[in-house]
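This report describes one protein chain, from its overall form to selected residues. Please consult the sequence and the structure shown below while reading.

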Amino acid sequence: TIEKYTFSDCTGLTSLNLGNGVKSIGENAFGGCTNLISVSGGDNIRNIERNAFNNTAWYNNLPDGLAYLGTVAYKYKGTMPSETQILIKDGTMGIAASAFEGCSGMTSVVMPASMTFIGIRAFRNCTKLMDVYCYAENVPEVENGRSSIDATFGRVPTSSATLHVPAASLD
């Protein structure tokens with residue numbers, strides 16, 4: 001685990017290779033590392049907390065859209081158009097904290113069968129999210145601690161939204 005704020009504002013850091021032992025990256029761990037241009041590895045990362053790579057050259061240089069780090073959907077970058085449907089790529093194991101927070105243009109999201117973890121606030125304030133398709137037969141874990149599923153899907157219109165799951169997962 002790379003703890004929160006561990007390397008924040010470390011302007012001397014230019015590249016990062018995340019080894020197989022790294023399973024989690026804490027909040028703002030590399031935030032403000034403005035010269036961090038290269039991030040590689042991360043195939044065993046399960047959880048990335050919010051703003052882990054805020055204000056880094058690596059993140060700033062990524063194209064708009066959904067950014068990935070290893071097998072985690074890290075963050076939606078840019079302004080999401082209205083009526084957006086997000087298809088998370090096969091093999092993705094987790095969704096980072098706050099990955100889609102405030103993406104009011106999102107109307108649906110499709111999560112692959114490989115999904116095991118959803119970070120806190122991942123879909124918070126996605127006020128037009130109406131359909132969540134989760135093809136994982138085992139329910140993905142939602143980050144606990146400071147909050148719960150209520151915070152992860154906070155301000156999503158859950159009374160009118162639909163969660164679609166495989167028949168084997170209905171219970």
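## Surface and charge

The accessible surface of the chain amounts to about 8,400 Å², and carbon and sulfur atoms contribute 48% of that area. These values, like those that follow, refer to a predicted model.

The chain carries 12 positive and 15 negative charges. The mean position of the positive charges lies 7 Å from that of the negative charges.

## Overall form

The chain has 171 residues, for which a compact globule would have a radius of gyration near 16 Å. The value for the chain is 16 Å, which agrees with that expectation. Along the principal axes, the C-alpha trace extends over about 50 × 30 × 30 Å.

Of the 171 residues, 47% count as buried. Among the contacts in the chain with a separation of 6 or more, 40% are between residues 24 or more positions apart.

## Secondary structure and sheet

Two helices and 13 strands make up the secondary structure of the chain. Five strands form an open sheet with mixed pairing, in the order β5-β6-β8-β10-β12. The edges of this sheet are β5 (65-69) and β12 (141-142). Each of these edge strands has a single partner strand, so one side of each is left without a neighbour in the sheet.

Strands of a sheet pair through backbone hydrogen bonds, and the pairing may be parallel or antiparallel. Strand β10 (residues 117-118) runs parallel to β12, and two bridges join them. Within this pair, I118 of β10 stands opposite V142 in β12.

Leaving aside residues up to four places away in sequence, N47 touches K23, S24, I25, F117 and E143. One of these residues, F117, belongs to strand β10 (residues 117-118).

## A167: an exposed position

A167 is located in the segment after β13 (162-164). The relative accessible area of A167 is 66%. Because exposed means over 50%, A167 is classed as exposed.

A167 and Y135 are 32 residues apart along the chain. Their C-alpha atoms are separated by 9.7 Å.

How values were computed:
Residues numbered from 1 in each chain as written. Predicted model: local features only at pLDDT ≥ 70, side-chain atom pairs only at ≥ 80, totals over all residues. Heavy atoms only, no water. Helix = DSSP H or I, 4+ residues; strand = E, 2+ residues; numbered from the N terminus. Rg over C-alpha atoms; globule rule 2.2 N^0.38 Å. Buried < 20%, exposed > 50% of the residue type's maximum accessible area, 1.4 Å probe, protein only. Contact = heavy atoms within 4.5 Å. Areas by Shrake-Rupley, 256 points an atom, 1.4 Å probe, with all protein chains shown as cover. Lys, Arg positive; Asp, Glu negative; His and termini not counted. Charge placed at Lys NZ, Arg CZ, Asp CG, Glu CD. Pairing = 2+ DSSP bridges.
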